Amino acid sequence: MATTVRRTVLTLPAATVGPPNPLPALRPLDEMHSLDERARQGLPRDMARQIGYEPLRTLLPVRVLDGYGRERTPTRLDAIVIENERLRATVLPGLGGRIHSLHHKAAGRELLYRNPVFQPADFALNGAWFSGGIEWNIGATGHTTLSCAPLHAALVPAPDGGEMVRLWEWERLRDLPFQVDLWLPADSDFLHVGVRIRNPHERPAPVYWWSNIAVEEHESTRVIAPADEAWHFGYERSLRRVPVPDFQGADRTYPLRSEYPADYFYDVPAEARKWIASLDEGGRGLVQTSTDILRGRKLFLWGSGRGGRRWQDWLTEPGTTRYAEIQAGLARTQLEHIRLDGGEEFSWLESYGPLAADAATVHGDDWSAARAEVGSRLSEALPRTAVDAAYEAWRPYADAEPAETLATGSGWGALEVLREGHKLPGTPFDESTLGEEQAPWRELLRTGVFPEPRRVTPPGPSLVAPHWRDMLETAPADPLAEYHLGVAQWHAGDLAQAVRSWERGLELAPSRWPLLRCLAVADQQGGNAQRAAERYAEAFDDLCEERRDDGDSWTAATVALGREAIAALLAVRRTAEARDVWSRLRPSVLERGRFRLIDAQLLLAEGRAAEARAVFDAGFEVADLREGAEILGEVWSALTDEPLPDAYDYRMRPQS
């Protein structure tokens, strides 16, 4: 059959993502994949340099997504199906362009781990993320901020005369447009994926890319890549070179033979073909390969310990199939960023498909033989020259203009194109996509004035790129403009000037709490915890007087500010004031697991340990528990010497 592309609707039990957190993300969320200066000593010079290349200071201009819960209801998700006689790929354009399923029709089997639910969890750089399928990670170390965001999608001509699906967006952490072209030739067992990242600016930019592939994990699942060594990263935050496959007495290419979650970044030789495969007891499974620019390959495993099992249950339905992740990236490790000069681009082609190899060799004791067997079978199924040829065939079509729109992403790219007049063939960011969030910034661009809102509402998102900061600096110094200017200055590292802007805005601001909260964060950063607590308390008082209703935006602001204020007050032992903040939150908010945990912390600080223990005994779930967070264990250990119950055990590293 010829390749077809069609729209459909996928119905899954799903939790809603919820409204974005309206407080500007002046600090990044805790990203587990980080190394301090001392931990970089002894690493190869280029690796150490790329690990230290422009790490994120903030998440700005992106907003945090932490408003989701754990209640799931049947939900219709827009999907795009790309299908030929042998393969069927199902894509979710509204959720980061995730490939939800890759079904090998000829063998009647699913090649990916396909999550039966949509359950956001706190794994992305900006919070909400979900597991399963193939995700496209761009921006900075960690899961992309676009995990739960819509992408633009359209049909474009394919190199073989058919159609392919283009996904594209403007990645806002690094201010770069990118595209992902999904091309399934007729009668092919392999889905080709052409990727392009462009830097339309004059200045260089740090680039990060990892394609993250979830695969089913069983006792006999083995992950094979063409390497004899790997860089091991554990949640103790250390990076070291280790042998493959045997390390510390076990074959780590079998994901369930490790107890704790870990990353293995395979050290694939520069001249070797780039591929990675996950194969079952019969030697069958998925293989991913690419052109050589995508040099990195990685295995992430949850391990067989309690914490890893608990996280997997948390991300899906308990009792369903477990999964591991195989990945491919631009650098050797996910801790690195690659320089992309102004006016330049990175582009490559990936291929995904089924592989069958001799099971006895794949699972034998001879690692070299296992690698050679998989490499040989891959060469038969899809020669290296065929991948290179597919890339060359795709490349002229990367600029092809979309023929039919399938989905619409954000308006941020359109705002940047409107400002600068970028010419980006193949990825149009049309003015029609501009919306309410972009409106005041469009007005600033047109008139030089940042408009005051027509109604009392939490401030909209801030923009922080140098050109927007320059415009804010020359705009009339109204309180809202000063607020946004301070956010942009903070992002640029000019902390003292940011504080001056916020203090100027505070003098005339009818709405004081957004500025007070920013100043409180600055106090915390400067080590003045007492003044930070005072400003947080004042900000929360002002918010409670100003909020107009129980709508999403006001509730999100109250929840976010209340949570931060309580933490700041507890940090300086102002427990009564922290309890006062807690008591003014809505009953529906206090029922959330996060605030049940906060209640236990307050009770503990008040000397009411038995009541705090009762909160744990009654049970609660913290929907936005951060990857690697140990707060549940820390509070529990302050209450009792008893072992941490399974329901609260999310520990991802050995305990000291």
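Me: How do the residues lining the largest cavity divide by class into nonpolar, polar and charged?
Reply: This is a predicted model, in which local features need pLDDT of at least 70 and side-chain atom pairs pLDDT 80 or more, while totals for chains, interfaces and linings use all residues. Residues are numbered from 1 along each chain, and side-chain values use heavy atoms, without hydrogens or water. A cavity is a set of points on a 1 Å grid where a 1.4 Å probe fits but cannot get out, and lining residues have an atom within 4 Å of a point. By class, the lining of the largest cavity has seven nonpolar, eight polar (Gly counted here) and five charged residues.

Me: Which element gives the most to the lining of the largest cavity?
Reply: At least two lining residues come from each of β23 (296–301) and β24 (322–329), strands being DSSP runs (E) of at least two residues. With three residues, the element that gives the most is β24.

Me: How many charged residues line the second largest cavity?
Reply: The second largest cavity has a volume of about 60 Å³. Its lining includes Leu12, Arg98, His100 and Phe130. The lining divides into seven nonpolar residues, four polar and, as for charged residues, one.

Me: How many disulfides are counted?
Reply: A disulfide is a pair of cysteine sulfur atoms within 2.5 Å. By this rule, the count of disulfides is zero.

Me: How far from Cys518 is the nearest cysteine sulfur?
Reply: Cys518 is in no disulfide. The nearest cysteine sulfur belongs to Cys544, at a distance of 18 Å.

Definitions and conventions: Helix = DSSP H or I, 4+ residues; strand = E, 2+ residues; numbered from the N terminus. 1 Å grid on protein atoms, 1.4 Å probe; cavity = no way out; pocket = protein on both sides within 12 Å on 5 of 7 lines; lining within 4 Å. Points joined across faces, edges and corners; volume = space filled by probe spheres on them.
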